Structures are given as C-alpha cells and as structure tokens.
Amino acid sequence: MKKTMKFMAIAAIMTTSTAFAQSAGTWMARVGAMKITPDVSSGYLSAPDYMGGTKADVSSDTQLSGGITYMYTDHFSVDVPLALPFKHQIIGDGALKGAGAVAEVKALPVTLFFQYRFMEANAKFRPYVGLGATYAYFFDETGSGKLTATTNPGGTPTTLNVDSKWGVTAQLGATISLNDKWFIDMHYTKSNLSTTTHFSTGQHLDIGLDPESFGVEVGYKF
C-alpha cells in the first residue's frame, strides 16, 4: 500500500511538471485574429504638388492570423507568424486632410522571430520577448478619382506602386496553458518600417509606417 501511494505521488509530481511543458522539441500551432495599426510619419508628395503640402495617412486592418513555433530549447524558440493579407486605405493628410481614402493597398508581412521564453517549461503562464526580420510585401495597389485629381488633375487616371521593404520587428507576448495541449497566445509587435509610393505621373511619396500589431490566438502543442 505504501509503495502504491509512493508511486502515485511520484506520478502526480511528474504529471504536474510536464502537463503544460513547452520544452525543447515542442511544436506549437495557433489560429486567431491580429490587428495591424500603422504609426505613420508621412513625407510630402514630390513635385509637382498641385495642392501644396500633400501628405498621407494609412488605416488599420484586422485579419485571420496564426503561426507556427518550434522550441529549440526550453527557453529559446523560433516563430513564424501567418496571416491573410491586410487591406489598408491610403488616406489624404496635410493639404488633403479630410479628403478620405485616395488609394488602397494590400500588405502581407512575412516575419521570422527568435524568441526567449521566461519561467520554466511547465509554467502555465509564460511571457516571452522576440526579435525578428520582417519583409513587407505590398500588392494590388488601386488608386481613386481623388488620387488622380491630386496628382494629375484633368489627366489620365493615376496608378501607383508601393515598394516592398525589409524591417526589424520587436515582440512582447505570453502564452497561457489551458490544459496539456491547448493554450492561448497573446502578442504585441512594433516594426521599424518605411517605404516609398511611386505614381504613374512620376511623383513619389516617402512614408514611415512603423506598424504596431496586437493578436490573440488559440494554439495546440504537439
């Protein structure tokens, strides 16, 4: 009886120490939603600027998101976030403030994070920090009549192209274990990212995007 009780106690301790483990070799996948909000610092439209002092702002967007994480050690992990393309409106600012959206662009940020996870591998709550390289791919740029009126009044419709760029992204997050397999992941990121928009009229606009993101996702450990 004593041996049985001792065995059960040892088994309980072992179960407690491994039930929520994010230890070396663990794979984790997650799915949820993420919102990206650009923190815009806009330059001025290059000459000829018919309005004088034309700038731009960029709207936020929320999309289905997820990611895959691999625990390289009990504390160091590699993470690849995944998401559907984000759709952002380019909004008039400066001399165009109040004009509303003048164009639209889709963005697909691709990031590789290297993370450090605090606490022990079996902790239910594990905060983490990450640093990664982001490639922001911009596509499906579409201009409006307002854009043409600003850049080429009375002329042919203006088209545009947004340069895809590399940036550096910092990350702060945490996982909360629900049971031995399922968890909730919350994360915040801030990127250092700038780009240039080129117009078919020969004008261009430099803009600092420096986006912030916040995501909440449900995950599964393998």
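Select Tyr220 to begin: this residue is partly exposed, because its relative accessibility is 29%, where buried means under 20% relative accessible area, exposed over 50% and partly exposed in between, with a 1.4 Å probe and protein chains only. The model is a predicted one, in which local features need pLDDT of at least 70 and side-chain atom pairs count only at pLDDT 80 or more, while totals for chains, interfaces and linings use all residues. Residues are numbered from 1 along each chain as its sequence is written, and side-chain values use heavy atoms, with hydrogens and water left out.

Next, select Tyr116 and Phe118. Rings of Phe, Tyr and Trp (its six-membered ring) pair if their centres lie within 6.5 Å; planes under 30 degrees apart count as stacked, over 60 as edge-to-face and the rest as tilted. Seven aromatic pairs are counted by this rule. Tyr116 and Phe118 make an edge-to-face pair, 5.1 Å centre to centre with 80° between the planes. Tyr116 is partly exposed at 30% relative accessibility, and Phe118 is partly exposed at 35%. Phe222 is exposed, with a relative accessible area of 58%.

Now select Arg117 with Tyr128. Arg117 lies over the face of Tyr128, 4.4 Å from the ring centre; a charge sits over a ring if NZ of Lys or CZ of Arg is within 6 Å of the ring centre and within 35 degrees of the ring normal. Lys55 likewise has its charged end over the ring of Tyr44, at 5.3 Å from the centre.

Which residues line the second largest cavity? Select Met28, Arg30, Thr69, Asp79, Arg117, Tyr128, Thr175, Phe183 and Asp185. A cavity is a set of points on a 1 Å grid over the protein atoms alone where a 1.4 Å probe fits but cannot get out, and lining residues have an atom within 4 Å of a point. This second largest cavity holds about 40 Å³ of space, a volume being the space filled by probe spheres set on the points, which are joined across faces, edges and corners.

Finally, select His88, Phe138, Leu193, Leu209 and Pro211, which lie nearest the centre of the largest cavity, among its 48 lining residues. The volume of the largest cavity is about 610 Å³.

Methods. On a 1 Å grid over the protein atoms alone, a cavity is a set of points where a 1.4 Å probe fits but cannot get out, and a pocket is an open set with protein on both sides within 12 Å along at least five of seven lines; lining residues have an atom within 4 Å of a point.
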